[in-house]
Amino acid sequence: MLPQSQHVRNVHETLLSDNWYTLKKYRFELLRRDGTWQQQEREAYDRGNGAVILLYNKARQTVVLTRQFRFPVYITGHHGMLIEAAAGLLDNLSPEERIKAEAQEETGFRVTHIEKVFEAYMSPGSVTEKLFFFIAEYAEPDRSGNGGGVAEEGEDIEVLEWPFSRALEAISTGDIQDGKTIMLLQHLALNATFEEK
């Protein structure tokens, strides 16, 4: 059900695809700032909401990242292997429950004390997804497995443990191009999570 709004009226939707997630076309009227109503059309892709977590170790000055193949990135001319923070769709779980499970599945680290830092829409012009952003400190005893994701879901994830300084530099060099990961790395930097050595 769509929220009530004084700025949007006469919304009509058409289902275009329900193959992987849902793609719909919408026709609606939008109240412009000059007081006139303008008819517009938009397509919106609904894949549900997700959560992302960046694991960090203050004592070692490291972060845990993943590297995996992303087909939509590949078809834009990129080699497709993205370095990212662990993430996943909520799939009817709370953001906190989902991100703990994703951290363990993807990185092999079992985290219990997580901190939610913010929420953000990643591509609001065409995708409905909202991401819930978390950070968590990890230590070697938290390692419960090798990570790597779930093979049955097509995941083949390489786990990377990098110095925080290297991860920040990788943003500048273009080795890290994933938006959610950049946001979490910048969050750690802006909040002086790591003390200068």
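Me: What are the ground rules here?
Reply: The model is predicted, so local features need pLDDT of at least 70 and side-chain atom pairs count only at pLDDT 80 or more, while totals for chains, interfaces and linings use all residues. Residues are numbered from 1 along each chain as its sequence is written, and side-chain values use heavy atoms, leaving out hydrogens and water.

Me: What is the strand order in the open sheet of three strands?
Reply: The order is E1-E2-E3, with antiparallel pairing. Strands are DSSP runs of E, at least two residues, and helices are runs of H or I, at least four, numbered from the N terminus. Two strands pair if DSSP finds at least two bridges between them.

Me: Which are the edge strands?
Reply: Strand E1 (8-17) and strand E3 (37-46). Each pairs on one side only.

Me: How many bridges join E2 to E3?
Reply: Ten, with E2 covering residues 22-31. Tyr 26 stands opposite Arg 42 in E3.

Me: New topic. What span should helix H2 have?
Reply: H2 (residues 95-107) has 13 residues, so at 1.5 Å a residue it should span 18 Å. The expected span is 1.5 Å times one less than the number of residues. The end C-alpha atoms are 17 Å apart, which agrees.

Me: Which residues of H2 are buried?
Reply: Pro 95, Arg 98, Ile 99, Glu 102, Ala 103, Glu 106 and Thr 107. Buried means under 20% relative accessible area (1.4 Å probe, protein chains only).

Me: What comes just after H2?
Reply: Gly 108, with a positive phi of about 85°.

Terms used: Buried < 20%, exposed > 50% of the residue type's maximum accessible area, 1.4 Å probe, protein only.
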